[in-house]
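Reader: I would like to learn how to read a structure like this one, step by step. Could you take me through it?

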Amino acid sequence: MRGKFYYLCRMSIVRPKKNLGQHFLRDLNIARKITESLLPLTSNVLEIGPGMGVLTGFLLQNKAFKVKAIDIDYESVEYLHGIFPEAVENIIQGDFLKTDTGMFFSEPFSVIGNLPYNISSQIFFRVLENRNSIPQVVCMIQKEVAERISSPAGKKAYGILSVFLQTFYRIEYLFTVNEQVFDPPPKVKSAVIRLIRNDREKLDCNEKLFFRIVKAGFQQRRKTLRNSLKSLLPMGFDSAQLSLRPEQLTVDDFINLCVIIENFNPDRS
Ligand code: SAH
């Protein structure tokens, strides 16, 4: 087990690059707590953005895990190869957003990471696309985004990403992390959340239509759905839900609305 001093000494080695969202976590207790938040659902674990390896070190200590990590930063990857020589083949340089997830594991895998905040939404969209291979995500993101993702219907924070992710994942807000434990400190607070794949296999309606309805609804969140969904509604279609605003609809309500829109037949009404 490497001592705290060892890790603290390493902190100045990779030059933090703002454009890559690099804020290195310095607090080992928090790092341990994050890695311990992974439930033992899979032995395969993919870390996104290992940076200077503060989570990677704890992950590699757990012999039950098969760990892979991807970072876009060449300097980080070179550094990680130096400190984890046993894992050179599993720590790769690349852009997670552009890498086919089949490249990492052929079996389902959990995702973990202190994510680059500037691309966290894009990372979640990739997770959604690959949801049947990703049963779990434990990640640190901007606190405000964590609140949005975990927000129930009816709250101000509830929005597009909440609905999309809650459609396929159960979301837990685990804990908040202050700015001072990072080097350099970010401007915002952070939070750790856990996403566990729920048992919804397929939607009862066309998925593309569902995504369009949710997006269009929240794009003008102060308007009623009757107004914001105008261009998506078939002629003659009406429903009591259309007098509501988007944040009043639960995931199931959105799915039901999508089903009735899709099955609407003007000749039968
Ligand atoms: N996990 C580390 C670093 C977090 S900073 C820690 O907790 O200290 C975010 C990391 O994500 C950086 O190392 C950055 O280089 C990496 N990163 C940024 N964009 C990325 C991308 N598109 N794909 C993979 N890694 C990325």
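Author: We will go through the domains, then the interface between them, and then the ligand. Please keep in mind from the start that this is a predicted model.

Reader: How many residues of domain 1 are in contact with domain 2?

Author: Contact here requires heavy atoms within 4.5 Å. In this model 13 residues of domain 1 are in contact with 14 residues of domain 2. The two domains bury about 1,100 Å² between them, and 73% of that area is on carbon and sulfur atoms. On the side of domain 1, the residues that lose the most area to domain 2 are Tyr158, Ile160 and Phe164, which together account for 45% of what that side buries.

Reader: How many salt bridges does the rule find across this interface?

Author: The rule finds one salt bridge across the interface of domain 1 and domain 2, and it also finds five residue pairs in polar contact there. The residues of domain 1 that touch domain 2 divide into six nonpolar, four polar and three charged.

Reader: Turning to the ligand, which residues are closest to it?

Author: The ligand is surrounded by 21 residues, of which the closest are Leu25, Gly49, Asp71, Asp95 and Asn114. A polar backbone atom of leucine 25 is 2.9 Å from an oxygen atom of the ligand, while a polar side-chain atom of aspartate 95 lies 2.8 Å from a nitrogen atom of the ligand. On its own the ligand has 570 Å² of accessible area, and the protein covers 97% of it.

Terms used: Residues are numbered from 1 along each chain as its sequence is written. This is a predicted model: local features need pLDDT of at least 70, side-chain atom pairs count only at pLDDT 80 or more; totals for chains, interfaces and linings use all residues. Side-chain values use heavy atoms; hydrogens and water are left out. Buried area is the accessible area (1.4 Å probe) that two parts lose on being put together, summed over both. A salt bridge is a side-chain nitrogen of Lys or Arg within 4 Å of a carboxyl oxygen of Asp or Glu. A polar contact is a pair of N or O atoms within 3.5 Å; within protein, one must be able to donate a hydrogen and the other to accept it, and residues adjacent in sequence count only if both atoms are side-chain atoms. Ala, Val, Leu, Ile, Met, Phe, Trp, Tyr, Cys and Pro count as nonpolar, Asp, Glu, Lys and Arg as charged, and the others, Gly among them, as polar. A residue is near a molecule or strand if one of its heavy atoms lies within 4 Å of it. Accessible areas come from the Shrake-Rupley method with a 1.4 Å probe; for residues, only the protein chains shown count as cover.
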